[in-house]
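Here are my notes on the model, point by point. Please read them with the structure open.

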Amino acid sequence: QPTTRHTTLAAHGPPLAAWSVAMAMPMANVYSVPRHPCEHEELTGPLAALPRSESMDVTNDPRFFSNNVIAKRLAAFQTISVVAVLMVNLSVKQMFTLQKNIKIETADGVVQYLGFCLMCIVFLLNLTTVIVLIQQLFMTYRLLTVGPCGFEIAKSYYLNPNIVTMRHMAVKGFFLSLPLFVASSSCMVWTEFSHAGTHTLAIPVVVFLAVMSLVMLFINKKHQSIFKERYNMAKAHEEPLMSHIETMSHRSRGGFFGLDV
């Protein structure tokens with residue numbers, strides 16, 4: 001019978017015969033992989049002198065590849081962090097290009113120094129936004145991929161009161177820095193025209209920039225108020241449904257047979 005079986009397999013062609021031979025081999029021989037000496041398996045000397053660091057375990061979970069609420073919210077913060085980096089670069093350039101021969105006893109000197117101070121505030125607000133959002137993005141994504149309970153752990157981190165406060169502070173500081181940047185630019189425009197001796201030409205531009213900074217403040221405030229109104233409306237509409245579901249859940253658990261179907 002073995003002879004007939006191998007003859008039949010060979011008649012179906014070389015691939016099937018090779019497969020039958022491989023299945024007949026011991027499993028240890030099939031999965032034995034020759035080990036080669038690896039040069040970089042251990043930590044090298046210079047790196048061993050650094051502070052100890054450990055990486056998180058890498059666990060593949062199907063939920064990592066599906067969309068979730070936290071990932072969608074973090075996508076919005078990624079956009080803010082990118083714009084904040086650009087604002088940091090712009091504010092730093094404006095701070096260093098500003099002339100430092102300020103005569104504070106004159107009106108032009110006061111305006112020039114005010115513009116410099118506003119630009120410093122813009123730089124610090126955006127730098128704080130970058131630091132807070134980048135760290136929270138990095139750590140939240142790491143917790144999302146920590147294992148089977150990654151979403152729950154990342155949710156607890158995302159909703160931590162300290163994390164929420166710092167995130168909201170960073171976002172509000174970013175939106176506040178935009179009108180401050182425009183106001184600081186108006187001060188610098190006045191300074192440049194003042195040094196050139198053409199104050200009258202600077203008046204329309206400075207007034208327009210100052211008005212636009214106030215308009216931007218109004219726009220930010222209006223967006224926040226409408227968002228809070230719609231958020232409270234959504235919570236008010238879902239409250240009866242959630243209360244009903246919670247009541248039915250408790251009632252089903254307290255049944256005579258304990259069935260929950």
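1. A disulfide here is a pair of cysteine sulfur atoms within 2.5 Å. A search of the whole structure finds zero disulfides. Cysteine 117 is in none; its nearest cysteine sulfur, that of cysteine 120, is 6.2 Å away. Cysteine 117 is partly exposed, with a relative accessible area of 28%. Buried means under 20% relative accessible area, exposed over 50%, and partly exposed in between (1.4 Å probe, protein chains only). Cysteine 187 is buried, at 10%. The closest cysteine sulfur to that of cysteine 187 is in cysteine 117, 9.8 Å away, so the pair is too far apart for a bond.

2. On provenance: this is a predicted model, in which local features need pLDDT of at least 70, side-chain atom pairs count only at pLDDT 80 or more, and totals for chains, interfaces and linings use all residues. Residues are numbered from 1 along each chain as its sequence is written, and side-chain values use heavy atoms, with hydrogens and water left out.

3. What does the fold consist of? The chain has nine helices and zero strands. Helices (H or I, at least four residues) and strands (E, at least two) are DSSP runs, numbered from the N terminus. Buried residues make up 24% of the 261 residues. Contact means heavy atoms within 4.5 Å. Of the contacts with a separation of 6 or more, 73% are between residues 24 or more positions apart.

4. Now α5. The buried residues of α5 include Ile70, Leu74, Phe77, Ala84 and Met95. Their cover includes α6 (107–144), α7 (150–158) and α8.

5. Last, the largest pocket, with a volume of about 990 Å³. Of its 20 lining residues, the closest to the centre are Phe77, His168, Val171, Gln224 and Phe227. A pocket is an open set of points on a 1 Å grid over the protein atoms alone, where a 1.4 Å probe fits, with protein on both sides within 12 Å along at least five of seven lines; lining residues have an atom within 4 Å of a point. Grid points are joined across faces, edges and corners, and the volume is the space filled by probe spheres set on them.

6. Which helices each supply at least two lining residues? They are α5 (69–97), α8 (161–196) and α9 (199–253). The largest share, eight residues, comes from α9.
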